[in-house]
Amino acid sequence: MRSSLLVEMSMILSASVIRVRDGLPLSASTDYEQGTGMQECRKYFKMLSRKLAQLPDRCTLKTGRYNINFISSMGVSYMMLCTENYPNVLAFSFLDELQKEFITTYNMMKTNTAVRPYCFIEFDNFIQRTKQRYNNPRSLSTKINLSDMQMEIKLRPPYQISMGELGSANGVTSAFSVDYKGAGKISSAHQRLEPATLSGIVAFILSLLCAALNLIRGFHAIESLLQSDGEDLNYIVAFFLGTAACLYQCYLLVYYTSWRNVKSFLTFGLICLCNMYLYELRNLWQLFFHVTVGAFVTLQIWLRQAQGKAPDYDV
């Protein structure tokens with residue numbers, strides 16, 4: 001009786017914040033009636049969370065009396081459950097508010113390194129307040145401007161996920177998931193990485209800078225060698241090896257390869273060895289800069305992992 005009443009009322013029932021790469025739930029609001037239909041929707045939530053990396057950034061799944069809508073951005077997905085008659089424009093406006101607040105409140109480093117489910121559960125307070133506002137559309141319509149969202153949905157409507165694509169709730173794999181598995185085997189060498197963060201972009205630029213500095217010093221060393229016999233040939237080799245190591249770190253930061261983390265640590269070791277050998281040609285600040293940048297890029301390579309299959313979290 002209660003579930004039927006909820007459907008007739010046109011409302012948002014719950015919302016979750018989920019990490020895209022592995023389906024880890026970061027925060028959630030689940031204070032709705034635990035009826036049979038709701039339990040079925042929880043299964044759909046879990047199944048969707050495992051496929052977020054394979055799905056477009058704005059989607060809708062219609063499950064009969066309920067709709068599941070979600071948007072994904074910067075490696076985080078914002079998912080909500082509402083009744084089937086809840087307006088689409090309000091649903092995605094609600095998700096857009098969650099996204100803006102979450103990005104403002106938490107930095108990407110925290111979301112990327114989180115290991116425990118629901119470690120941002122305090123965000124539930126904002127979800128609850130926003131949900132209450134959006135469940136009262138009459139008062140809400142005077143406070144927000146929906147014209148931009150209406151235009152956005154009209155120009156780029158959400159992708160409609162079919163049950164066949166999702167697979168059955170009892171865990172049977174569908175043709176959709178088989179296709180993706182097959183595609184993963186074919187292109188495993190070119191597996192997608194997580195979206196680049198600001199710190200990752202900074203690391204990339206600093207590594208290029210170090211490569212350029214090593215290259216310039218290497219050419220100067222060649223000039224010195226040609227002009228006199230005093231310059232050590234090994235210094236030239238060390239400068240160009242340092243250049244190659246920095247450029248390879250940039251490659252590892254952008255592209256996925258097998259043994260990627262091991263390669264990044266070995267490359268960092270080469271950078272340290274080159275700078276140890278160049279100790280007489282560089283002051284302490286220069287050495288510190290090159291080694292610190294190498295360590296920072298290695299950390300960013302380790303943090304930016306491949307978008308793999310999601311573990312079975314209880315979403």
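User: What covers the buried residues of H11?

Analyst: In this predicted model, the cover over the buried residues of H11 includes H10, H12 and H13. The residues concerned in H11 include Tyr 235, Phe 239, Gly 242, Cys 246, Gln 249 and Leu 253. They are called buried because the term applies under 20% relative accessible area.

User: What makes the span of H13 agree with expectation?

Analyst: H13 covers residues 284-303, and its 20 residues should span 28 Å at 1.5 Å a residue; the end C-alpha atoms are 28 Å apart, so the two agree.

User: Which residues of H13 are buried, and against which helices do they pack?

Analyst: The buried residues of H13 are Leu 287, His 290, Val 293, Gly 294, Val 297, Thr 298, Gln 300, Ile 301 and Leu 303. Their packing partners are H4 (108-113), H10 (198-227), H11 (233-254) and H12 (260-277).

User: Where does UniProt place the feature "transmembrane region"?

Analyst: The unreviewed UniProt entry gives residues 196-216, 236-255, 262-279 and 285-303. In the model, residues 236-255 are 95% helix and 0% strand, with end C-alpha atoms 29 Å apart. Residues 262-279 are 89% helix and 0% strand, and there the end C-alpha atoms are 26 Å apart.

User: Why is H3 called roughly perpendicular to H7?

Analyst: H3 (residues 88-105) and H7 (residues 147-155) pack at an angle of about 105°, with their axes 9 Å apart. Angles of 65 to 115 degrees count as roughly perpendicular, and therefore H3 is described as roughly perpendicular to H7.

User: Which residues make the contact of H3 with H7?

Analyst: From H3 come Asn 88, Val 89, Phe 92, Ser 93 and Asp 96, which meet Met 149, Gln 150 and Ile 153 of H7. By class, the contact of H3 with H7 comprises four nonpolar residues, three polar and one charged.

User: What makes Lys 154 buried or exposed?

Analyst: Lys 154, which lies in H7, has a relative accessible area of 69%. Exposed means over 50%, so Lys 154 is classed as exposed. Lys 154 and Val 89 are separated by 65 residues in sequence and by 9.7 Å in space, C-alpha to C-alpha.

User: Why is Met 74 called partly exposed?

Analyst: The relative accessible area of Met 74 is 41%. Met 74 is located in the loop between S4 (66-73) and S5 (76-83).

User: What makes the phi of Met 74 worth noting?

Analyst: Phi of Met 74 is near 55°, a positive value in a residue other than glycine. Most residues other than glycine have a negative phi.

User: How do you know that Tyr 118 counts as partly exposed?

Analyst: Tyr 118 has 27% relative accessibility, and so counts as partly exposed. Its phi is near 60°, again positive in a residue other than glycine. Tyr 118 belongs to the loop between H4 and H5 (124-134).

Conventions
Residues numbered from 1 in each chain as written. Predicted model: local features only at pLDDT ≥ 70, side-chain atom pairs only at ≥ 80, totals over all residues. Heavy atoms only, no water. UniProt positions renumbered as here; feature names shortened; annotations may be inferred. Helix = DSSP H or I, 4+ residues; strand = E, 2+ residues; numbered from the N terminus. Axes fitted to C-alpha atoms, helices over the stretch in contact; angles between N-to-C directions. Parallel < 35°, antiparallel > 145°, perpendicular 65-115°, else oblique. Contact = heavy atoms within 4.5 Å. Nonpolar A, V, L, I, M, F, W, Y, C, P; charged D, E, K, R; others polar. Expected span 1.5 Å × (residues − 1). Buried < 20%, exposed > 50% of the residue type's maximum accessible area, 1.4 Å probe, protein only.
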